[in-house]
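Please look first at the sequence and at the fold of the chain, and keep both in view while reading the paragraphs that follow.

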Amino acid sequence: TPETKEACERYVEKLEECGYCVHWPIRDTEQDDPTLGVNICDTNLSEILESDEIHVWYLPESTGIHFDMGAVYMLIRILGHKKKVIFANKDEFAKQITEKNTKAFFQVLNFLDKNTS
């Protein structure tokens, strides 16, 4: 939604004002992808791999975030990379994690939140 995009933009601006180098996919990843998303996934995965911290604005309806968080989970859990994961809107999705704790993806988010912050 426009409100969510504006909130994310403010969050990114604050990080950049504090000196962080931020890759914000909606702004920094070329969205006109002739490979039907492969270039988008490759770009975002490359940025995730190169980063020390991953700040997540989790939206359950976003398919891209699920792909990206799967990549983060694999890097941390399977390949042993050290990444700090920060959930920017944790309070908004914490209730969903509790309510849907039988859903595998919410367990992944819960794992990342408890083991990397």
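A residue is called buried when its relative accessible area is under 20%, exposed when that area is over 50%, and partly exposed in between, with a 1.4 Å probe and protein chains only. The model is predicted, so that local features need pLDDT of at least 70 and side-chain atom pairs count only at pLDDT 80 or more, while totals for chains, interfaces and linings use all residues. Residues are numbered from 1 along each chain as its sequence is written, and side-chain values use heavy atoms, with hydrogens and water left out.

Isoleucine 78 counts as exposed because its relative accessible area is 60%, and this residue lies in helix 4 (residues 63-78); helices (H or I, at least four residues) and strands (E, at least two) are DSSP runs, numbered from the N terminus. Together with Met74 and Leu79, Ile78 forms a nonpolar patch on the surface, with about 300 Å² of accessible area for the three together. Such patches are made of residues with over 30% relative accessible area and no salt bridge, where like charges are joined within 9 Å and nonpolar side chains (Val, Leu, Ile, Met, Phe, Trp, Tyr) within 5 Å. The accessible areas come from the Shrake-Rupley method with a 1.4 Å probe, and for residues only the protein chains shown count as cover.

Leucine 36 has a positive phi of about 60° although it is not a glycine, and its relative accessibility of 82% is why it counts as exposed.

Next come the charged pairs. Side chains of opposite charge can pair when their charged atoms come close. A salt bridge is a side-chain nitrogen of Lys or Arg within 4 Å of a carboxyl oxygen of Asp or Glu, and a search of the whole structure finds three of them. In one, glutamate 6 pairs with arginine 10, the closest N and O atoms being 3.0 Å apart; both residues lie in helix 1, four residues apart, which is about one turn of the helix. Glutamate 6 is partly exposed because its relative accessible area is 46%, and arginine 10 is partly exposed at 43%.

Which residues are linked in a network of salt bridges? They are Glu16, Arg27 and Asp28. Arginine 27 meets glutamate 16 with the closest N and O atoms 2.8 Å apart, and this pair links distant parts of the chain, arginine 27 being in helix 2 and glutamate 16 in helix 1, 11 residues apart. The side chain of arginine 27 also meets that of aspartate 28 in a salt bridge (2.8 Å, N to O). Arginine 27 counts as partly exposed because its relative accessibility is 40%, and aspartate 28 is partly exposed with a relative accessible area of 34%, as is glutamate 16 with 32%.
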